[in-house]
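Hi everyone, thanks for making time for this. Let me put the structure up, and then we can walk through it together.

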Amino acid sequence: QINLDLAVDPKTSMKKLETIINQVGKAVADDPELKNEIIEAPKFVRVSDFTGNSITIKIMGKTTGGQQLEIKSIFYRKLKNAFDKEGIKLAVLPTQYQQTKK
């Protein structure tokens, strides 16, 4: 099981975010080297939290046994590239902000 929580900037368009996450998940699942390891592509499932600083979304997928960490890493790399291309920003959470101010 791939079970991810991802916090993004609260100004992010949910429609755009969901589309990008699902496209990246499908691209990972369609990769010839990975397709036999993925049972269900990682996809946007729901908004799980909302604050003034962030929107947390749930991403889930299914892999064959023992492959979730490798698939998760590949998914994150591709998602980061897609976010950069589309201008989607991750949330700066209060604890991160405090650490950068010191």
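Strands here are DSSP runs of E with at least two residues, helices are runs of H or I with at least four, and both are numbered from the N terminus.

Before I go further, a word on what you are looking at. This is a predicted model, in which local features need pLDDT of at least 70 and side-chain atom pairs count only at pLDDT 80 or more, while totals for chains, interfaces and linings use all residues. Residues are numbered from 1 along each chain as its sequence is written, and side-chain values use heavy atoms, with hydrogens and water left out.

Now the overall picture. The protein chain contains three helices and three strands, and reading from the N terminus the elements go β-α-β-β-α-α. The C-alpha trace spans about 45 × 30 × 25 Å along its principal axes. Of the contacts in the chain with a separation of 6 or more, 70% are between residues 24 or more positions apart; contact here means heavy atoms within 4.5 Å.

On to the sheet. As a reminder, strands of a sheet pair through backbone hydrogen bonds, either parallel or antiparallel. For this talk, two strands pair if DSSP finds at least two bridges between them. The three strands make an open sheet, ordered β1-β3-β2, and the pairing is antiparallel. β1 (2-8) and β2 (38-50) are at the edges with a single partner strand each, so one side of each has no neighbour in the sheet. On average, neighbouring strands of this sheet are turned by 20 degrees against each other, direction ignored.

Let me go through the two pairings. β1 and β3, residues 55-63, are antiparallel and share seven bridges. Along that pairing, I2 has G61 as its bridge partner in β3, and L6 stands opposite I57.

How much of the chain is buried? Of its 102 residues, 32% count as buried. Buried means under 20% relative accessible area, exposed means over 50%, and partly exposed lies in between, with a 1.4 Å probe and protein chains only. β1 is largely enclosed by the rest of the structure, because five of its seven residues are buried. β3 is largely enclosed too, since seven of its nine residues are buried.

A few individual residues are worth a look. D5 lies in β1, yet D5 is partly exposed, with a relative accessible area of 46%. Leaving out residues up to four places away in sequence, D5 touches S48, T56, I57, K58 and Y76. D5 and L90 are 85 residues apart in sequence, and their C-alpha atoms are 12 Å apart in space.

Next, T12, in the loop between β1 and α1. Is T12 buried or exposed? T12 is buried, at a relative accessible area of 14%. With residues up to four places away in sequence not counted, T12 touches L17, I88 and K89.

And then K80, which sits in helix α2. K80 counts as partly exposed, at 46% relative accessibility. K80 and E40 are 40 residues apart in sequence and 20 Å apart in space, C-alpha to C-alpha.

That's my tour, so please jump in with whatever you'd like to look at again.

How values were computed
Axes fitted to C-alpha atoms, helices over the stretch in contact; angles between N-to-C directions.
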